[in-house]
Amino acid sequence: MLRVAKMSQRILAQGNTAIGYGAVNAGCLHFFGYPITPQNEVIEWFARELPKRGGSFLQAQCETAVINMLLGAGSAGVRVMTSTSSPGWALMQEGLSALANAEIPCVVVLVQRGGPVQGTTQHGQMDYLSATRGGGGGGYRDIVLAPASVQECSDLVQLAFYLADKYRNPVVVLSDGLLGQMMEPLEVRTLDFGPLPEKDWALKGLALHKDGKRRALSCLAGFCFQEVYESYLDFIQHLDEKYRQMADSEVRYETYQTDDAHLLVVAYGYAARVSLEAINMARDEGLKVGLIRPISLWPFPSEAIRQGATRGGDFLVVEDSLGQLVEDVRLSVNGQAEVHLLNMLSRHMRTPAGMILPDIVLEGIRKLA
Amino acid sequence: MEKIKVRGAPKSWQRSTSPLTICPGCQHGVVAELLCDAVDELGIQGNTIVISGIGCAGIDAFMVDMDAFIMCPHGRTCDVATGIKRALFGKPIVVALQGDGDCIAIGAGSLISAALRGEKITVIMANNANYGTTGGQLAPTTLLDQVTSTTPEGRDPGLAGYPAHVPEMLVPFRGVAYAARGAVNTPANYQRTKRYLKAALQKQIDNIGLSFVEILSACPANWHRTPVECLKWIEEKMIPEYPLGEFKNADRID
Amino acid sequence: MTRGEISIDERYCLGCGYCVHFCARGCIVIPGDRFTTMGYLLPVFINLERCNACAVCAWMCPHQAIEVYKYVESGQNEPEDISSG
């Protein structure tokens, strides 16, 4: 499982601040950000902590500037990240597609809020499709990791930096307002994911390249930048191979009591925590229900879902949107089982603070299990 | 008699690897040459990183034998430059090489914010008074009454606003250490602009503040004039609207 | 009187005519019957005597197609011009 290189302390922390501990333990010393609720604690943490650690923090003029500063910093070969919420995320789309074209690693934490775009300043899960399908100039993929606890907010950011460098690609950590604001015990630890190749491609200055050759990067690979790829399709084929590799080796998910389950709940993030609670209550009532919790939303654990379908169980997708994750579940199930949806209209209150709570999920389970 | 070479392409010049050919008489080649001359004379080729924006100026980054981010997202050159400068803790000399559209149309927010921050980068804006690569549309620096493909009757301020004077605009920003405008329509202006460029780069070497140099540059293809006629047009039409000179030259910012 | 000479590289010259325009001594002309492989009108250096290797043509060439040479008495150890590519 996770190889812990260094354990330093156990503290009570918010999901948002846990992101900071994870990032610096992954060796990230550069953060560019912009204020937006519900993730302000993240940029404030970095504003306090990075200068002390010899890092550099900058609050830019807008999120479009932020993502392009990541493009610059990432091109210089340093680990760099930002954190934002849905409206800021929308402003970062072109930059993200540029990062993917130029193959520059970085981490973007998206702390979802109610949508569409401004929507509310609280929580939601309405950016699932935007995060997993990408909103910039099309043709690229980003690995998307979804924490469901304060500990995972820290651990998955470290994993995100490893995967970003491994594939030279942005990685998205998809949190939400609830996870960001809630506090839980956090083990501040450094995770070791193994060695990574040198960033020989990084821009540093001609004098620093042993071979004396200048390095050049561009987000127009294919259009006119032919130094690396023979033709446009050579470049696209390279991306295709890279994305296949990601899809083959970076699927991550968790199952809970699925072996004998007649009903499989599929949920990520805070909705998964709520579903876990409901499943335990249902099990107490003798109902055979289990949970499949995707941790990588892209690449999506469709194989695990498909296997669940072949065992004859039906599915209940629980998500705090009108229905986005459910599309991936239906795609994976491919008609072999019923896929039901319990969505944000089942929130316990109609005001923005409304949440999907365990008892409403339990009701859903009772009807289907 | 001995034959010695006096002048050829600058040391830090390199043949463009881009299949995008430059138009005959396009002076972006001269803008890149000027940058290489200044970099060579300051001896900073090994430590300079060039970021070019989208547009004709974007191609200039192909012509320099320095680390470069070639054609970053349109208008974001100053942001990408900031990212690199901050990431490497100010060590390299970072040059944002833009056209007029990239710099003061779509990139105005990035430029203004970099100036507000006094970001220690050098911004070069090649001003050819139109959007070149896309076929000669209106740019913020298009002159009044100048015909472009999107001001077919000539630029009417009532509809398309007034020409942008960027170095003058940057003077009041405390974080701006240097702001000048040059041109390359005559050998004298070439040397003068090289002086401005070296002064601007020196501000960054001395870590003082943001430095900005605008360079008026001929665009025969979209001005629908021969290259030599363009030089006259710069002298008679552009320079009266865009006077050359140093508008700010601060040795210290406190 | 220093005497100079230039070479125009046909691969890079796009026939813009700046060199002809900027040569103060009329050493370069475009005859109109010489073309580059790309079909641009090729300028020709015609005046070995009047050229003093001032190199203005080279500076102003947007496509770095011109190299300028100077003839000096051999033995005069002229420093190699650092700016030559």
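The prediction carries an ipTM of 0.94 and a pTM of 0.96. For chain C, the pLDDT averages 88, and 86% of the residues reach a score of at least 70. Where pLDDT is low, the predicted coordinates should not be read in detail.

Chain C contains two helices and four strands. Read from the N terminus, these elements follow the order β-α-β-β-α-β. Of the 85 residues in chain C, 44% are classed as buried. Among the contacts in chain C with a separation of 6 or more, 58% are made by residues 24 or more positions apart. The accessible surface of chain C amounts to about 4400 Å², and carbon and sulfur atoms contribute 53% of this surface.

The interface between chain C and chain B brings 37 residues of chain C into contact with 33 residues of chain B. Together the two chains bury about 3200 Å², with 61% of that area on carbon and sulfur atoms. Tyr18(C), Trp59(C) and Gln64(C) account for 22% of the area that chain C buries against chain B, more than any other three residues. Polar pairing across this interface comprises two salt bridges and ten residue pairs in polar contact, counted with both residues at pLDDT 80 or more. On the side of chain C that touches chain B, the elements giving two or more residues are β1 (3-8), α1 (18-22), α2 (56-60) and β4 of chain C. Strand β4(C) provides the largest share of that side, with seven residues.

A salt bridge between chain C and chain B pairs the side chains of Glu67(C) and Lys5(B), with an N to O distance of 3.0 Å. Glu67(C) belongs to strand β4 (residues 66-72) of chain C and Lys5(B) to strand β1 (residues 2-7) of chain B, so this pair joins two chains. The two partners fall into separate accessibility classes: Glu67(C) is partly exposed at 27% relative accessibility, whereas Lys5(B) has a relative accessible area of 16% and is buried. Lys5(B) is placed in the buried class because its value lies under the 20% limit.

At the interface of chain A and chain B, the contact involves 40 residues from chain A and 37 residues from chain B. The area buried between these chains is about 2900 Å², and 64% of it lies on carbon and sulfur atoms. Zero salt bridges are found across this interface, while 16 residue pairs are in polar contact, again with both residues at pLDDT 80 or more. The side of chain A that touches chain B draws two or more residues from each of β2 (30-33), β3 (56-59), α3 (63-75), α5 (93-102) and β9 (216-218) of chain A. Helix α3(A) supplies the largest share of this side, eight residues.

Over all chains, the structure holds 37 salt bridges. Side chains of opposite charge can pair when their charged atoms come close. Within chain A, the side chains of Arg293(A) and Glu152(A) form a salt bridge with an N to O distance of 2.7 Å. Arg293(A) is located in strand β12 (residues 289-294) and Glu152(A) in helix α7 (residues 150-167), so the pair ties together parts of chain A that are 141 residues apart in sequence. Both Arg293(A) and Glu152(A) are buried.

Within chain B, a salt bridge links the side chains of Lys232(B) and Glu236(B), at 3.5 Å from N to O. Lys232(B) and Glu236(B) are separated by about one helical turn because they stand four residues apart in helix α10 (residues 227-241) of chain B. Lys232(B) is partly exposed, with 48% relative accessibility, and Glu236(B) is likewise partly exposed at 48%. In chain A, salt bridges that share partners connect Arg10(A), Asp155(A), Glu187(A) and Arg189(A) in one network.

Key
Residues numbered from 1 in each chain as written. Chains lettered and ligands numbered in written order. Heavy atoms only, no water. pLDDT = per-residue confidence, 0-100. Salt bridge = Lys/Arg side-chain N within 4 Å of Asp/Glu carboxyl O. Buried < 20%, exposed > 50% of the residue type's maximum accessible area, 1.4 Å probe, protein only. Contact = heavy atoms within 4.5 Å. Areas by Shrake-Rupley, 256 points an atom, 1.4 Å probe, with all protein chains shown as cover. Buried area = accessible area lost by both parts, 1.4 Å probe. Polar contact = N/O pair within 3.5 Å; in protein donor to acceptor, adjacent residues only side chain to side chain.
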